[in-house]
Amino acid sequence: QLHRANQIRSDFVANVSHELRTPTTVFKGYLESLLDQPAQCPPSWRTALEQMSAHADRMQSLIEELLLLSRLEREDHVPNPQPVLVSEVLSDVLKQARMLSGPRDHIFSLEADATLRVMGNRNEIYSAISNLVFNAVNYTPPRGIIQVRWFRDDAGAHLEVQDNGIGIGEEHLERITERFYRVDPSRSRSDGGTGLGLAIVKHVLMRHDATLDVRSKLGEGSTFRCDFPPETIVADDAPMEAKRRDGAA
């Protein structure tokens with residue numbers, strides 16, 4: 001009964017999100033048209049249109065993340081996993097993170113094993129990493145330091161995202177991966193957060209047989225570490241194309 005209830009909840013969220021996608025896209029399109037043609041509407045409308053557009057963007061982001069989370073929950077493992085060169089994913093994520101940082105001018109540091117690959121889904125791994133790095137940007141003061149590491153040891157492969165931002169109280173750590181859970185609701189909404197990012201991270205890692213470890217102190221910053229077991233690591237001497245064929249088979 002519990003499994004069926006969870007399935008009904010997941011299907012309901014997915015169906016509602018799908019139905020909201022089209023009207024939100026139409027609404028957003030008309031707003032963009034009005035904003036792009038200021039001569040066609042009174043100047044006094046400008047502020048209202050900008051606020052409506054910002055909320056439409058946030059609603060669209062929420063819908064897309066709900067659909068992604070519903071899809072992740074349907075299966076425990078990644079179908080047809082492929083070798084993922086995580087250093088390339090990190091390079092793409094950090095480019096976006098620097099744009100997001102903008103005038104806050106955060107200091108980014110990247111240490112990544114350029115040959116370390118894991119079996120999985122590249123888009124899902126990108127989603128998990130980007131959520132962790134973008135969170136670090138959003139909750140680290142200007143000129144703060146964000147350090148990203150991708151390395152391996154006897155225990156497996158590890159991704160660490162560390163910042164010296166505002167930190168998280170110990171009482172929140174057990175719940176931060178729950179959907180819609182916010183440590184500071186007012187600040188999260190002002191930053192455009194949906195409250196789903198860490199829930200997505202958790203489910204992506206579960207599908208890759210990986211785990212999330214969080215260490216944080218208020219006023220000192222946070223460290224989020226994703227631990228991939230040794231069996232998910234692609235052998236150093238395995239050609240990429242051969243591994244892709246093996247995965248497809």
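The model is predicted, so local features need pLDDT of at least 70 and side-chain atom pairs count only at pLDDT 80 or more, whereas totals for chains, interfaces and linings use all residues. Residues are numbered from 1 along each chain as its sequence is written, and side-chain values use heavy atoms, with hydrogens and water left out.

Select residues 86-101, helix α3; helices are DSSP runs of H or I with at least four residues, numbered from the N terminus.

Next, colour V86, S87, V89, L90, V93, L94, A97 and S101, the buried residues of α3 (buried: under 20% relative accessible area, exposed: over 50%, with a 1.4 Å probe and protein chains only). They fall within an arc of 140° seen down the axis, so they line one face of the helix; the arc is taken from the directions from the helix axis to the C-beta atoms. On the other side, K95 and M99 are exposed.

The axes of α3 and α4 are 9 Å apart, at an angle of about 35° (lines fitted to C-alpha atoms over the stretch in contact, with angles from 0 to 180 degrees between N-to-C directions).

Finally, select H203 in helix α6 (residues 197-207). H203 counts as buried because its relative accessibility is 15%.

Terms used. Helix = DSSP H or I, 4+ residues; strand = E, 2+ residues; numbered from the N terminus. Expected span 1.5 Å × (residues − 1).
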